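Please examine the sequence and the structure shown below. The paragraphs that follow lead through the fold.

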Amino acid sequence: MLRHKRTQETLCAANRCAYSVPMSFLSNTLDSVLKRIRRHPLYYGRYNNTLPFKENRAFVRYAKACATSYASEHGDQHLPPSPLLTNGGQLVQGIFPAEKALAYSRKIDDLIARNDPCVDRPKKVEHLTALIKDPLHSLGMDLLDALKSPVADQALRSFFRGYYRVKWVVCYRSLPAQQVTSSWLWHSDSFPPHTCKMFLHLSESTADSGAMELMTLEDTMAYRRAGYFGQFADERYAGLEDFAKAHKLPYRPFHFDAKPGDGTIFDMNFFHRAVPPRPGHFRDVVQFYFLPSSIPWEKQLELDGVANLTSQGGYPKDPRPGASQTSSQSTMM
Ligand SMILES: O=C(O)CCC(=O)C(=O)O
Ligand SMILES: [Fe+2]
C-alpha cells in the first residue's frame, strides 16, 4: 500500500512539473543519472556489467539460491574455481567428436551453396556472417551431446557452482571481410551476471580462421576505469591500441586455438571481439547461452521442449524458467 501511495505522489509531482519542465527533460536527466551510477567502478566492479540493478539483483539472488541447493544436495563435492572468473574464457577440448563437427561444417557449406531457407544473412553484418537458423533441426539434435561431455559439464558446473540450463542455441559461419561492425568491434555484451556462453567449434578456430579475442578481468576493468565501455554500437571501437596508448594501458588480448569438436566457454561481459577470418578461411560455431538452474539442463529441457531453444538472442530479465520473456537485446549482432 505504502509503495502504491509513493508511486502516486511521484506521478502527481511529475505531472505538476509538466507545465514548467518537459517530461523528456526529466526522463533524459534520470537516464543520465542512472547511466552514471551504472558506470561507476563500484557498480560495474560488482556486476561486471551496466545493467539495471533490478535485473542484476534477480540473477545474483537466483544464482545463489541454485548454488546453495546444489551444495546441500551434493555435500562437499569438489568443484574447482572456474578460470572464467579472472580470464573471461576457457578452452574445453574434445567435447564433441571431431569427425561429426567437420561433417556439420560441410553441411553448412551445402546449405550456403544451395541458399537453403535456413541460411540467414542478418542486415548490417551480412558480409561478416551467415546464420544457420534453428541449428538443432537444420543440423542435428546431437549438437547437444557437447554438453554431455564430462569436460564441458564440469567446467560449466564450476562456473555456476551447480546446475545450469540452456537458454538458446545459435549457429553461424564467420566470413572474411574488411568492414567490421557490432560484435566485430571491442565490446561487452552487458548480459546478466552468473550467465555465460559456449562455442562448440565445428571448424578450426585460429588467428587465420578468425578466433574471438578476449581480455582478462584485470584488463576489462582497467579499460572501463579509463572510460571505455563498448556497450552500445556507437561507442565501440574496432581497435583499442590507440586508446591503450593514450591511457597507458596494456594491450594484451588473447585467443584460444581450437580444433573441430573443441569448445570455448566465455563470460560475454569481459571485453571481446569477433575477428574476421583471413581470405580463404572461415569459422563455424554453434553457440549456447547458459543460465543458472536448480535442476540439470536435460531435466529442464524435458520440461520446456527444444522448441524454446530456437528463439535466439538476448537474456530474460528474470532467470527463473518461464518467468519472463527474452529481452530485446540481440545475441551477437
Ligand atoms: O563470434 C565471435 O567471435 C564473437 C561473438 C560474440 O561477440 C558473442 O557471442 O558475444
Ligand atoms: Fe559479444
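**Strands, core and helices of a predicted model**

Strand β3 (residues 129-132) and β4 run antiparallel and are joined by 4 bridges. Within this pair, alanine 130 has arginine 173 of β4 as its bridge partner. Helices (H or I, at least four residues) and strands (E, at least two) are DSSP runs, numbered from the N terminus, and two strands pair if DSSP finds at least two bridges between them. This is a predicted model, in which local features need pLDDT of at least 70 and side-chain atom pairs count only at pLDDT 80 or more, whereas totals for chains, interfaces and linings use all residues. Residues are numbered from 1 along each chain as its sequence is written, while chains are lettered from A and ligands numbered from 1 in the order in which they are written.

β4 also pairs with strand β9 (residues 283-292), in the antiparallel sense and over 10 bridges. Here arginine 165 stands opposite leucine 291 in β9. These pairings belong to an open sheet of 7 strands in the order β1-β7-β5-β9-β4-β3-β2, with antiparallel pairing. β1 (89-92) and β2 (119-120) are the edge strands, each of which pairs on one side only. The partner of β1 is strand β7 (residues 263-266), which pairs with β1 in the antiparallel sense over 4 bridges; glutamine 90 has isoleucine 265 of β7 as its bridge partner.

How many residues of β4 are buried? The count is 11 of 11, so β4 is largely enclosed by the rest of the structure. A residue is buried if 20 or more other C-beta atoms lie within 10 Å of its own, exposed if 12 or fewer, and partly exposed in between, with C-beta atoms placed from the backbone.

A nonpolar core is a set of buried Ala, Val, Leu, Ile, Met, Phe, Trp, Tyr and Cys residues joined through C-beta atoms within 7 Å. The largest one has 70 residues, and Ala146, Ala152, Leu156, Met198, Leu200, Ile265 and Phe290 have the most contacts inside it. Strand β4 (residues 164-174) supplies the largest share of this core, 7 residues. Two residues are in contact if their C-beta atoms, placed from the backbone, lie within 7 Å. Leaving aside residues up to four places away in sequence, isoleucine 265 touches Leu84, Gly89, Gln90, Val92, Ala155, Leu156, Phe159, Cys196 and Met198.

Helix α9 (residues 150-160) has Ala152, Ala155, Leu156, Arg157, Phe159 and Phe160 as its buried residues. After α9 comes arginine 161, with a positive phi near 55°. In helix α10 (residues 217-225), the residues Asp219, Thr220, Tyr223 and Arg224 are buried. They lie on the same side of α10 because they cover an arc of only 135° around the axis, the arc being that of the directions from the helix axis to the C-beta atoms. The cover over the buried residues of α10 includes α3 (41-47). Glycine 227 follows α10 and has a positive phi, near 105°.

The protein chain as a whole holds 12 helices and 9 strands. Its C-alpha trace spans about 70 × 50 × 40 Å along the principal axes, and buried residues make up 40% of its 333 residues. Of the contacts in the protein chain with a separation of 6 or more, 83% are between residues 24 or more positions apart. The protein chain is divided into domain 1 (1-37) and domain 2 (39-309), with bounds that come from an automatic or database domain assignment. The centres of these domains, taken over C-alpha atoms, are separated by 38 Å.
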